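Visitor: I would like to be walked through this protein, with the terms spelled out as we go.

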Amino acid sequence: MERTSILSKVGKTALYAVLAVASFLWIYPFLWMISASFKTQNEFFASGLNLIPQSLNLDNFIRAWNNANFGIYFKNSIIVTVSVVVIVLLSTSLAGYVMGRYSFVGKGLIMKIFMASITIPLVFTVIPIYELLKNMGLSQSLVGLILAESGGGHVIFLMLFSSFYASIPNEMEEAATIDGANFVQTYGSVMFPLAKPIMVTVVIMQFIWTWNSFLLPLIITLNNPSLRTLAVGLYALRGENVVD
């Protein structure tokens, strides 16, 4: 028993050691990238794989923020992301409420069209979206970018809201109607506040998607660098300073 226990401990220790080494090798490039950001250009090329910089040099961060206009890009990302999240949240919630609570002619067809739209790749819609914004005079503006990012079908969010609203008892709406509430009041004061779990999910997912969005911001801001978001600005910075 003692020998088995000792072998078991040795095996666990060896396993932990292997996992620790593998974890370090996996995270090493990320640590080296952070370390390299604090090095001067000469130290960067001379230090090799050394993780510890000679001094904490912040010039790279200052240059990126000032010379590369990261302050402007950060502001643009905040404006676009917050606006898109609000628009998508309100539109999908209202559409989901109608689809989940009401029956009307063509409802099934509309849902099938929404579901089929999931199969359409984003790259197929870039040119039509850009042409539409161009005809509206919004192809080189943050408003156009916001409309482009928020104008998709957002089928996942629509289905989440639709399923949630469909599960709410009819007595909730009936009570609101008896109290004299109209459609807007019933939706805004009774139904919408109940969907807080779905709202949190939509806000988090849409925020991440919009913040990391690259293709549409790249196309729309191609001729106007001052409208770039952080994702596009970072890509441009890497291209312009690939050897710096």
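What follows is a short exchange about annotated spans, a charged pair and the spaces inside the model.

Guide: This is a predicted model, in which local features need pLDDT of at least 70 and side-chain atom pairs count only at pLDDT 80 or more, while totals for chains, interfaces and linings use all residues. Residues are numbered from 1 along each chain as its sequence is written, and side-chain values use heavy atoms, with hydrogens and water left out.

Visitor: How far apart are the end C-alpha atoms of residues 14-34?

Guide: Residues 14-34 are among the spans that the unreviewed UniProt entry annotates as "transmembrane region", an annotation that may be inferred rather than shown by experiment. In the model this span is 100% helix and 0% strand, where helices are DSSP runs of H or I with at least four residues and strands are runs of E with at least two. The distance between its end C-alpha atoms is 30 Å.

Visitor: Which side chains meet in a salt bridge?

Guide: A salt bridge here is a side-chain nitrogen of Lys or Arg within 4 Å of a carboxyl oxygen of Asp or Glu, and the whole structure has one. Its N to O distance is 2.8 Å, and the two side chains are those of E173 and R101.

Visitor: How many residues apart in sequence are the parts that this pair ties together?

Guide: Buried means under 20% relative accessible area, so E173 at 16% counts as buried, as does R101 at 15%. Because E173 lies in helix α9 (residues 170-178) and R101 in helix α4 (residues 70-101), the pair ties together parts whose separation in sequence is 72 residues.

Visitor: Which element gives the largest share of the lining of the largest cavity?

Guide: On a 1 Å grid over the protein atoms alone, a cavity is a set of points where a 1.4 Å probe fits but cannot get out, and lining residues have an atom within 4 Å of a point. The largest cavity has a volume of about 60 Å³, and its lining includes S77, E149 and W211. Elements giving two or more residues to that lining are α4, α7 and α11, and the largest share, three residues, comes from α4.

Technical notes: Buried < 20%, exposed > 50% of the residue type's maximum accessible area, 1.4 Å probe, protein only. 1 Å grid on protein atoms, 1.4 Å probe; cavity = no way out; pocket = protein on both sides within 12 Å on 5 of 7 lines; lining within 4 Å. Points joined across faces, edges and corners; volume = space filled by probe spheres on them.
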